[in-house]
Amino acid sequence: TLLGQTTRIEATPIAYIWHHGDGTKQTTRTPGRAHPHRDVTHTYKQPKNQAKVRVDTVYRIRYRIAGGTWATLGNTLTITGPETELTIVEARPYLTKN
């Protein structure tokens, strides 16, 4: 209730900003799926053992007052995600002769 009126607010995620911990970032329209789908990937240009990474979520905000028509705010809302320490592992294939 806002000023005596029933107010509904709807936040819909519209983008995800991935911060890779090496000064780079990328924006996607989907949150990605768990391994091994490889929806969101990043290649580190310099060797690293660990990186502090995070993903921020960008929301479109709509509202309506007293059951009226939905209206969209002109600005989006970006929520900063928690920073997580990521251990970076590199796997290299080797051919061997048996």
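What is the mean pLDDT of the protein, and what share of its residues reach 70 or more? I start there since this is a predicted model. The mean is 91, and 98% of the residues reach 70 or more. Among the elements, strand S5, residues 77-79, has the highest mean pLDDT, at 98. The lowest belongs to strand S6, residues 84-87, with a mean of 92.

Now the overall layout. The protein has 6 strands and 0 helices, so from the N terminus on you read β-β-β-β-β-β, by the DSSP assignment.

Next, the dimensions. The C-alpha trace spans about 80 × 25 × 20 Å along its principal axes. The radius of gyration is 21 Å, whereas a compact globule of 98 residues would be near 13 Å. Buried residues make up 14% of the 98. On contacts, take those with a separation of 6 or more: residues 24 or more positions apart account for 60% of them.

Then the surface. The accessible area comes to about 8,200 Å², and carbon and sulfur atoms hold 51% of that.

Most residues other than glycine have a negative phi, and most peptide bonds are trans. Which two residues are joined by a cis peptide bond here? They are His35 and Pro36, with omega at about 15°. Pro36 sits in the loop between strand S2, residues 25-28, and strand S3.

Leu3 is not a glycine, yet its phi is positive, near 55°. Leu3 belongs to the segment before strand S1, which covers residues 7-19. Is Leu3 buried or exposed? Its relative accessibility is 84%, so Leu3 counts as exposed. Ala66 also has a positive phi, about 55°, without being a glycine. Ala66 is in the loop between S3 and S4.

Last, Thr69. Where is Thr69 placed? Thr69 is in the loop between strand S3, residues 50-65, and strand S4, residues 71-72. Thr69 counts as exposed because its relative accessibility is 72%, and the cut-off for exposed is over 50%. Leaving out residues up to four places away in sequence, Thr69 touches Tyr63 and Arg64.

Terms used: Residues numbered from 1 in each chain as written. Predicted model: local features only at pLDDT ≥ 70, side-chain atom pairs only at ≥ 80, totals over all residues. Heavy atoms only, no water. Helix = DSSP H or I, 4+ residues; strand = E, 2+ residues; numbered from the N terminus. Rg over C-alpha atoms; globule rule 2.2 N^0.38 Å. Buried < 20%, exposed > 50% of the residue type's maximum accessible area, 1.4 Å probe, protein only. Contact = heavy atoms within 4.5 Å. Areas by Shrake-Rupley, 256 points an atom, 1.4 Å probe, with all protein chains shown as cover. pLDDT = per-residue confidence, 0-100.
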